[in-house]
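Please keep the model open while reading.

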Amino acid sequence: VNRDVTDVETGRPEVGRRVPAAPAEVPAPRSGGTPPRTARLRTLTSPRVLPVVVTFVLFVAMFGAGSARYDSFFSGQVLLNLFIDNAYLIVLAVGMTFVIVSGGIDLSVGSVVALSGVVAAKLLSAGWSALPVLVLVLLIGLTLGLAQGLVIHFLELQPFVVTLAGMFLARGLCYVISVESIPIRDPLFTAIAQGSIPLPGDTFISPSVVVAVVVVAVGAYVLHATRFGRTVYAIGGNQHSATLMGLRVGRTKVTVYAISGLCSAIGGLLFAVYSLSGYSLSAVGTELDAIAATVIGGTLLSGGVGLVVGSLLGVLVLGLIQTFISFEGTLSSWWTKIVIGLLLLVFVVLQRFLVRRPG
Amino acid sequence: MSPDSLGRLTRSNLFWPVLALILLLAFDAIVTPGFLSLRLQDGHLYGSLIDILKNGTPTALIALGMTLVVATRGIDLSVGATVAISAAVACSWIASSPDPTSGGAALVGALLALALVVVLGAWNGFLVSVLGIQPIIATLVLMTAGRGLAQLITDGQIITVANPLFAQLGGGFVFGLPVSVVLAAVLFALVALITRRTALGMLIEAVGINPSAARLAGVRARGITVAVYVFTALCAGIAGLMISSNVTAADANNAGLWIELDAILAVVIGGTLLSGGRYSIVGTLVGALVLQTLTTTVYTVGITPEVTLVFKAVVIIAVCLLQSPKTRELLRRRRPAIRPEPVLEGVGRP
């Protein structure tokens, strides 16, 4: 009965060849002492790190171009605003990185963002206090992710279909709860929304940025420095081999989707704070932004390759495109989509030639 | 019916989607008396069934192309954007032509739109087969950029057209049936005929099972891959013309929004595996009808239309679970092998 699945996995010659490299090479710059310069250079140009370096160079180049073109562009605050405006997307991209590195995909994140916002707004307006609402929303996200992971692993359904169903379910539940936008007037939420943390140089960040940075740090630690993280890479490289190696494939796969669900809920709360409302129609298509950011950040959609910091850079690049368009003033919003599409193309083709050709 | 044949029937890939369709229609017939009735008015057929067919046509048409793409172990996320581009090109051409009501303008506009979407399909096929990029990401590029392109073409406006010939495609009737339905039916029949009466269908499946092996066996895997993406884009282009003709306008933002997901769902519900190598044209047709009937049912019963999504999710999960080999294995293990009666009950409560 399982022949279909294994045929697909073992029938492709490239997966076997790529596996041993995947888990071994990725978290390269972790050795204690300073490596020789050639070794460091080799790390930077390895197929797994180079896309992230390219993204970083692109980001710097774009920022430089913006600074040359517009007067007030070159400032710390413009840079920090990228974090402030995209805090929720950063969190989503971290969760998405886990899923994509494991070889899966999660289409439900945008809907879970909306659901989290709507649930929070509804409960707050019904008189709940902020803390239980936060806990409940996080639990809902975690549970949805966990359920999807369980279905994907134990019933062997494709992640694409399962998370698509999750996307419809979460979005539908939003409408069941409320079709109209619900404003949030809770003191804690408004305090966080209006709060700003001053930084040197007359700049500031919002509390949401702190949350996003913490999520990135925790995500990077878990994916790059724990046994669980190694297992995620191994599964993405070749699930069959990972099973044969005796790794806990099932538990890891389910956990990956639970992490993405949790990140979606955190992202949803950040978005609710950012917009101070819960609305069923918010964050439509955000899953695509998260996927695009992850891919631009150097993560391979076939799994096994990717860095959390790359996804962060991916989100910043997307944010920078928006900033460009708002600075330009006369450019229409659809150019954002066209540029993101072109960037996706460049990075996908780049990865194609960096990673060895399958078949 | 003998126990053996009942068992074989429930194992058939078409059994559950067809059952779902029958149950939905039966439910509608009970809740809304006269749901199944058709009436002839001015030589045209009217009725809820015709509405289901007509509203489901664009999705079904795109799902037809998607079936072949999925059979090659691919996926095309860009069809929604292609719908928007096709609608935008046709309507912009017609609206800006010297005589926006002439049949010539409609023809040239439609042909221009279809020519452009063929190029877009070839582009997807090029990325997938020549550059070897995974289909989901290769078509994600056009999915993201395409809607932007459509907005660029329409300059962000909704372009309305009043062209009698163009309006025929989405609103006209032929032999008492809507033009779009007849056109889609002809395309379905053609594809079923061409892929199943020649070796083409088998070659497509061979590419889906193992592209390298197919190539080594002398199958032109590259050409076939490009061809299925071009065909899907063409289907999406025609669907785009139908949608814009039906509302006599091109809305770059909303035309064909999320239609790729519905089309993929129709394919999956119809029993075609996303892992490729096997497909069912009839299954896809049934899948598309199930989706549309579900939407119509929710409307008829008077539930808030937005809640359709919840029902859709439930149906997807149910159908996928019932089709999953793993679920069947679990169910088989749980009950004694040869007992006919509990087959249906047992499946009902997994």
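How far is the sulfur of C91(B) from the closest cysteine sulfur? The gap is 19 Å, to C235(B), which is too far for a bond.

## Basis

This is a predicted model, in which local features need pLDDT of at least 70, side-chain atom pairs count only at pLDDT 80 or more, and totals for chains, interfaces and linings use all residues. Residues are numbered from 1 along each chain as its sequence is written, chains are lettered from A and ligands numbered from 1 in the order in which they are written, and side-chain values use heavy atoms, without hydrogens or water.

## Cysteines

A disulfide is a pair of cysteine sulfur atoms within 2.5 Å. The count over all chains is zero. C235(B) is in no disulfide, its nearest cysteine sulfur being that of C91(B).

Both sites are covered by protein. C91(B) is buried at 0% relative accessibility, and C235(B) is buried at 1%. Here buried means under 20% relative accessible area, exposed means over 50%, and partly exposed lies in between (1.4 Å probe, protein chains only).

## Aromatic rings

Rings of Phe, Tyr and Trp (its six-membered ring) pair if their centres lie within 6.5 Å; planes under 30 degrees apart are stacked, over 60 edge-to-face, and the rest tilted. The total over all chains is 13 aromatic pairs. F15(B) and W16(B) make an edge-to-face pair, because their centres are 4.8 Å apart and their planes stand at 85 degrees. Both residues are buried.

Y46(B) and F173(B) form a tilted pair, with 5.8 Å between centres and 50 degrees between planes. This pair links distant parts of the chain: Y46(B) is in strand β2 (residues 44–46) of chain B, F173(B) in strand β4 (residues 173–174) of chain B, and 127 residues separate them. Strands (E, at least two residues) and helices (H or I, at least four) are DSSP runs, numbered from the N terminus. Y46(B) is partly exposed at 30%, as is F173(B) at 23%. In chain A, ring pairs join F59(A), F63(A), Y70(A), F73(A), F74(A), F324(A) and F327(A) into a cluster.

## Salt bridges and a charge over a ring

A salt bridge is a side-chain nitrogen of Lys or Arg within 4 Å of a carboxyl oxygen of Asp or Glu. There are two over all chains. E328(A) bridges to R69(A), with the closest N and O atoms 3.0 Å apart. E328(A) lies in helix α16 of chain A and R69(A) in helix α5 (residues 50–69) of chain A, so the pair ties together parts 259 residues apart in sequence. E328(A) is partly exposed at 24%; R69(A) is exposed at 54%.

R196(B) forms a salt bridge with E205(B), at 3.3 Å between the closest N and O atoms. R196(B) is partly exposed at 42%, whereas E205(B) is buried at 14%. The charged end of R196(B) also sits over the ring of Y279(B), 4.1 Å from its centre. That label requires NZ of Lys or CZ of Arg within 6 Å of the ring centre and within 35 degrees of the ring normal.

## Nonpolar patch

F27(B), I30(B), V31(B), V301(B), I303(B) and F311(B) make a nonpolar surface patch of about 510 Å². Patch residues have over 30% relative accessible area and no salt bridge; like charges are joined within 9 Å, and nonpolar side chains (Val, Leu, Ile, Met, Phe, Trp, Tyr) within 5 Å. Areas come from the Shrake-Rupley method with a 1.4 Å probe, and for residues only the protein chains shown count as cover.

Helix α2 (residues 15–31) of chain B gives the most, with three residues. I30(B) is in this helix and is exposed at 70%.
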